[in-house]
Amino acid sequence: MSGELFELELLGGATEQRFRRMRPEVEAMPWGTLDLSRVTEEQRIAARKAWTGSAYQEHRTGAACALTLQALIEARAPLDLIAVASRFPLDEMVHVELCARMAMEFGGGTEIIHDPKAMVVGCDASLDPLMQVADLVVRFFCVGEAISIPLLRATWHVAKHPLPKAVLGRIVKDEAAHGVFGFTFLDWACSRLSDEEKARLGVSADLAIRFLFDQWLDLHARRDEPRPEDDVLGWMQTGAYLDLANRSMQTLVIDPLEARGIPISAQLSEFRLPDAAAE
Ligand SMILES: [Fe+2]
Ligand SMILES: [Fe+2]
């Protein structure tokens, strides 16, 4: 597999100080307080992998937010709407750092090889600026960010140790604004879009939703793998997670999209996880 190692650094000095002043809550978190004495080597490696994977997902989301920001500007979206979205890439960089530091708490990051030029699916260059940004917002915000809110909030809720609780709490707070943004954008854009264009957005949303369903099916298939019980790792049980994911996809993604005239493919109602609801 060709690609580059996912590695990060801080420049330090005045730049880091400026960054710290922008988000002082990061340094205020109780770093170095995890008691790993009862965590097995296997659990530690699983935690390093999970937090490194989360850091990479946040990094990708940062690219998605930056791409959307440029498209909002090109579409001459309302200035205040653009201004609100301009904070999102910074939020995601903070989330990258938080997750990467959590991996460090467990002994360091694990190896992720990625293609930096193919982290997110960009927009179709043949579309006009409004449709380009609408396509990005629907996929990245109305689906991706909106679904992450209940899942992160539930994960935050079960975390008991102050460190993962603080990390997840910060991410939940920021993501709440990201999740709302997609539908605020659509409420502005919808009157400017034809039924045909909305149908096309529905196809994009379907792709993004199916991508998530595939990930959940994969998670479902691995649900019986041994999970650490120690809450120091701050994870939800897989069955509960998938059940919540399934329900939230309907109420927080599909229903609000359809309420705005964006049709979601009927097959999705058949795309149920085998027995997530029963767990
Ligand atoms: Fe994030
Ligand atoms: Fe986000």
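Biologist: How much space lies in the second largest pocket?
Modeller: About 530 Å³. That is the space filled by probe spheres set on grid points, with points joined across faces, edges and corners. A pocket here is an open set of points on a 1 Å grid over the protein atoms alone, where a 1.4 Å probe fits and protein lies on both sides within 12 Å along at least five of seven lines.
Modeller: Before going on: this is a predicted model, in which local features need pLDDT of at least 70 and side-chain atom pairs count only at pLDDT 80 or more, while totals for chains, interfaces and linings use all residues. Residues are numbered from 1 along each chain as its sequence is written, chains are lettered from A and ligands numbered from 1 in the order in which they are written, and side-chain values use heavy atoms, with hydrogens and water left out.

Biologist: Which residues lie nearest the centre of that second largest pocket?
Modeller: Glu 7, Leu 8, Glu 9, Val 96 and Ala 100, out of 22 residues in the lining. A lining residue has an atom within 4 Å of a pocket point.

Biologist: And which elements give two or more residues to the lining?
Modeller: Helix 2 (41-74) and helix 4 (88-105). Helix 4 has the largest share, with 7 residues. Helices (H or I, at least four residues) and strands (E, at least two) are DSSP runs, numbered from the N terminus.

Biologist: How do the lining residues divide into nonpolar, polar and charged?
Modeller: The lining has 13 nonpolar, 4 polar and 5 charged residues. Nonpolar covers Ala, Val, Leu, Ile, Met, Phe, Trp, Tyr, Cys and Pro; charged covers Asp, Glu, Lys and Arg; the others, Gly among them, are polar.

Biologist: Stepping back, what pattern does the protein chain follow along the sequence?
Modeller: The pattern is β-α-α-α-α-β-α-α-α-α, with 8 helices and 2 strands in the chain. Of its 279 residues, 48% are buried. Buried means under 20% relative accessible area, exposed over 50%, and partly exposed in between (1.4 Å probe, protein chains only).

Biologist: How many salt bridges does the structure hold?
Modeller: It holds 15. A salt bridge is a side-chain nitrogen of Lys or Arg within 4 Å of a carboxyl oxygen of Asp or Glu.

Biologist: Which parts of the chain does the Glu 25 to Arg 170 pair link?
Modeller: Distant ones: Glu 25 sits in the loop between helix 1 (13-22) and helix 2, and Arg 170 in helix 6 (residues 162-189), 145 residues apart. Their side chains meet at 3.4 Å, N to O. Glu 25 is partly exposed at 23% relative accessible area, whereas Arg 170 is buried at 18%.

Biologist: What about Asp 91, buried or exposed?
Modeller: Buried, because its relative accessibility is 0%. Asp 91 is in helix 4 and forms a salt bridge with Arg 87 (2.9 Å, N to O). Arg 87 is partly exposed at 35%. The Asp 91 side chain also makes a polar contact with the side chain of Arg 23 at 2.8 Å. A polar contact is a pair of N or O atoms within 3.5 Å; within protein, one must be able to donate a hydrogen and the other to accept it, and residues adjacent in sequence count only if both atoms are side-chain atoms.

Biologist: Where do Asp 243 and Arg 247 lie?
Modeller: Both are in helix 8 (residues 238-259), 4 residues apart, about one turn of the helix. Asp 243 is buried at 18% relative accessibility, and Arg 247 is partly exposed at 48%. Elsewhere, salt bridges that share partners join Arg 23, Glu 25, Arg 87, Asp 91, Arg 170 and Asp 174 into one network.

Biologist: Last one: what is phi of Arg 76 near?
Modeller: Near 50°, a positive value in a residue other than glycine. Most residues other than glycine have a negative phi. Arg 76 is in the loop between helix 2 and helix 3 (79-85) and is exposed at 70% relative accessibility.
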